[in-house]
Amino acid sequence: MKTSQLSGFYKLSSKERLEIVRDFAGLNEEEIAALGNTGSLGKIADRMIENVVGAMPLPLGIAVNFMINGRDYLIPMAIEEPSVVAAASNAAKMARPKGGFQTSSTEPIMIGQIQVTNVPDSSSAQVALLEQKQSILDRANEKDPMLVKLGGGAKDLEVRVIDTAVGPMVIVHLLVNVKDAMGANAVNTMAEAVAPFIEHITGGNVNLRIISNLATYRLASARAVFGKEIIGGEEVVDGIISAYHFAKSDPYRCATHNKGIMNGIDAVVIATGNDFRAVEAGAHAYASIRGQYLPLTHWEKNETHDLVGTIELPLALGLVGGATAVHPTAKINIKILGVKTANELAEIIAAVGLAQNFAALRALATEGIQKGHMSLHARNVAIAAGAQGELIDKVVEILVKEKQVRIDRAKEVLNNLSLEKKA
Ligand code: MEV
C-alpha cells in the first residue's frame with residue numbers, strides 16, 4: 001500500500017526523498033533527473049524550503065525598450081505564459097516617444113497589526129495607547145537596532161476600534177519603515193515584542209500579531225503617455241478608454257483587467273525572488289479599498305487626444321533579507337535591473353504593470369489577443385506533437401493558417417511534412 005504518511009521525511013537528503021517520490025509515483029530515471037535538477041539554485045534549494053526534491057524552473061525573458069524616469073532598463077521577467085514579455089516590450093517601445101514612464105513611490109512603511117480582544121473600555125484603551133505611543137515605538141525599535149541605524153524602524157501608531165460578530169476589537173497598527181526589506185520579519189518581530197505591553201495598557205488580550213499585506217503606506221505609481229498616431233489612431237485611444245470604463249463598472253471584467261496587470265508585475269516580482277503572494281494579496285485588496293473592486297490603472301485622454309495611463313498599487317518588495325539576496329538568479333536579475341533600493345524596484349514594477357495593461361487593452365480593443373497568442377500556442381503544440389528544428393515553424397504556419405491549433409492536427413501535419421521530406 002502506498003502511503004503519504006512519511007515521518008522523518010524532512011530529515012532525509014533530497015536524493016533520498018527523491019527516491020521515495022520515485023517509488024510512490026513510478027517515475028523513470030529521466031523524470032527523476034529532471035525533477036532533481038536544481039539549476040542555478042544548486043544546494044541552496046535545500047536550505048530555502050522544506051522537504052526539497054528539486055526545483056521548478058520557469059522561463060526567464062528580458063523585456064526591452066523600457067525608459068523609466070529618463071533611464072533605460074532591461075527587465076527580467078519569469079513567467080510561463082507566452083506573449084507577456086513581447087507585449088511589455090512592445091508597450092514600452094510605444095511609450096518612448098512621449099518620454100517613457102514617470103514613476104514615484106512613498107516611503108517603505110509597512111503595517112504590523114496587533115489584535116486586542118476583551119478590552120473593558122475600547123475608547124479609553126484607544127486614548128491610553130496613543131498616550132503611550134513613544135514607549136510602544138521604543139520597545140518595537142529595541143528589536144531591530146540595525147534597521148533603526150539605517151533610518152528605518154517603528155515610526156508611528158494607529159489605533160482602530162472595529163465591530164465584529166464576536167464583539168468589538170481594538171486593532172493597533174504599528175507603522176514601520178522597513179527600508180530595503182520586504183519587511184515581514186522585522187514587522188512581525190516588533191508586533192510580537194510590543195504585545196505584552198499593549199495588553200498591559202488596554203487590559204485586553206492580544207490575539208494576532210502579524211504584518212498586513214494591504215500596504216497602503218507603501219505605494220508605487222507610474223504614468224505614461226501613448227501618442228495616438230503611434231498606437232493606431234484616436235479610435236484605438238477611445239477603444240482603450242472604453243475598455244477601462246468597462247472594467248471600472250464590472251467586476252467580471254475588472255478581475256481580468258487586473259490579472260493582465262499582474263502578468264507583468266508577478267513576472268518581475270518572481271524574477272527578483274520576491275513574495276508574489278504578498279504582492280497579489282495587496283494589489284487585489286487595494287483594488288477593493290473603496291468598497292468596490294476597481295482597476296489598478298486609470299486611462300484617459302489628454303488635450304492633444306493622446307492616451308494617458310496611470311497605475312498605483314502597494315508593492316512590498318525587498319532587496320535584503322529574503323530570497324532576493326540568496327537566490328543566485330534573483331541576484332543576477334537585480335544586477336541586470338541595476339536597482340539600488342526596494343523603492344526603485346517597486347517603481348519599475350509599477351511601470352511594467354502599466355505597460356502590460358496597455359498592451360492587453362490595445363490588443364483587445366483592436367485585433368483581439370488570439371492572433372498573437374495562437375502562433376505562440378501553436379509553437380508549443382507543434383513541439384508537443386514532436387516537431388523539431390525547421391519543422392516547428394512549418395507546422396506552426398499550417399496550424400495558424402488553418403486556425404486548427406490542436407495536437408491531433410499537428411501530428412497529422414508533421415507526419416505529412418516528414419513524408420514529403422523523405423520522398
Ligand atoms: C491574459 O493573461 C491577460 C488578459 O486577459 C488581460 C486582459 O484581458 O486585460 C489579456
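1. At 2% relative accessibility, Asn-333 counts as buried (under 20% relative accessible area; exposed is over 50%, partly exposed in between, with a 1.4 Å probe and protein chains only). Keep in mind that this is a predicted model, where local features need pLDDT of at least 70, side-chain atom pairs count only at pLDDT 80 or more, and totals for chains, interfaces and linings use all residues. Residues are numbered from 1 along each chain as its sequence is written, and side-chain values use heavy atoms, with hydrogens and water left out.

2. Leaving aside residues up to four places away in sequence, Asn-333 touches Leu-60, Pro-76 and Ala-271 (contact means heavy atoms within 4.5 Å).

3. Now for the helix pair: α5 (residues 122-131) and α8 (residues 184-202) pack at about 130°, axes 9 Å apart (axes are lines fitted to C-alpha atoms over the stretch in contact, and angles run from 0 to 180 degrees between N-to-C directions). On the α5 side, Ala-125, Ala-128 and Leu-129 make the contact; α8 supplies Ile-198, Ile-201 and Thr-202.

4. Zooming out, the protein chain has 17 helices and ten strands. Of its 423 residues, 44% count as buried.

Methods
Helix = DSSP H or I, 4+ residues; strand = E, 2+ residues; numbered from the N terminus.
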